[in-house]
Amino acid sequence: MQHRLLDENDRVAANSRFWLGERGIVALNVMGAPGAGKTQLLERTVRELGPSVPVSVLEGDQQTDRDAQRIRAAGAPVTQLTTGSGCHLNATMVANGLRDLEPREGSLLFVENVGNLVCPALFDIGEAVRVVVMSVTEGDDKPLKYPHIFRTADVLVLNKSDLLEHVPFDVERCLTEARRVAPPLRTFELSALTGDGMQPWLDWLQSLVRAPRQSTATRTRP
Ligand code: MG
Ligand code: ZN
């Protein structure tokens, strides 16, 4: 039964991935524990990237549309996905959200997953990139304790770097262990609160929307 559910999920995810790819929309599945600063990171990203790159957001939460309101206030179109007792997003929720949100061609789409370091990693939602957001107020041994989510991630954002002087967090240890779990992992250390370290993250995001447009052009050439 579990396998059949995952097969169905993967089929819906594959449809979404094709639909997004055809439109040059790059979808990022943003995962992390509650309080890691996922919404805070997206708020600042929307504010700083918004003028140059079209950005929209699917906002997953168990209850309330508070995070969606924050994203809307930052200036991006957003659709709320409320999971109720569900502790992760699945491909069907995201596919339904896409129909409502109608992201623009050549845009970035952030999907903020439910705050949880375990099962969101098990569900393909049709994303192109998986991002784990972790804050320096969490344990620096999280990559070893929750290896699956790090193993499936493409990017690790270490947030709240402004608090490093107040907490016993070993950045080198965390990044080294995360890369040992997931060798190709790309890492960013930043503070979405102060804006410190945001530029490399923004530059990398901008490079993502340029790349698929070129590949679409190549593919449609006769
Ligand atoms: Mg949030
Ligand atoms: Zn779950």
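Guide: Here is a walk from the metal ions out to the sheet and its helices. Keep in mind that this is a predicted model.

Let's start with the magnesium ion (ligand 1). Thr 39 (OG1), Asp 67 (OD) and Glu 112 (OE) coordinate it, at 2.1 Å. Along the chain, those donors follow the pattern T-x27-D-x44-E. Thr 39 belongs to helix α2 (residues 38–49) and Asp 67 to helix α3 (residues 66–74), so this pair ties together parts that sit 28 residues apart in sequence.

Now for the zinc ion (ligand 2). Its donors are Cys 87 (SG), His 88 (ND1) and Cys 119 (SG), at 2.0 to 2.2 Å. Their spacing in sequence reads C-H-x30-C. His 88 and Cys 119 link distant parts of the chain, 31 residues apart. His 88 is in the loop between β3 (78–82) and α4 (91–101), while Cys 119 is in the loop between β4 (108–112) and β5 (129–135). Both side chains are worth checking for burial. His 88 is buried, with a relative accessible area of 17%, and Cys 119 is buried too, at 14%.

The strands form an open sheet of seven, with parallel pairing, in the order β3-β2-β4-β1-β5-β6-β7. At the edges are β3 and β7 (186–189), each of which pairs on one side only. Going from one strand to the next, the twist averages 20 degrees. Zooming in on the β7 end, strand β6 (residues 155–159) pairs with β7 in the parallel sense over four bridges. Within that stretch, Val 157 stands opposite Phe 188 in β7.

Helix α2 lies across β1 (26–31), β2 (55–61), β4, β5 and β6, and its direction is at about 165 degrees to β4. Helix α3 lies across β2, β3 and β4, running at about 165 degrees to β2.

Note on methods: Residues numbered from 1 in each chain as written. Chains lettered and ligands numbered in written order. Predicted model: local features only at pLDDT ≥ 70, side-chain atom pairs only at ≥ 80, totals over all residues. Heavy atoms only, no water. Donors = N, O, S within 2.8 Å, 3.2 Å for Na, K, Ca; no water. Helix = DSSP H or I, 4+ residues; strand = E, 2+ residues; numbered from the N terminus. Buried < 20%, exposed > 50% of the residue type's maximum accessible area, 1.4 Å probe, protein only. Pairing = 2+ DSSP bridges. Axes fitted to C-alpha atoms, helices over the stretch in contact; angles between N-to-C directions. Contact = heavy atoms within 4.5 Å.
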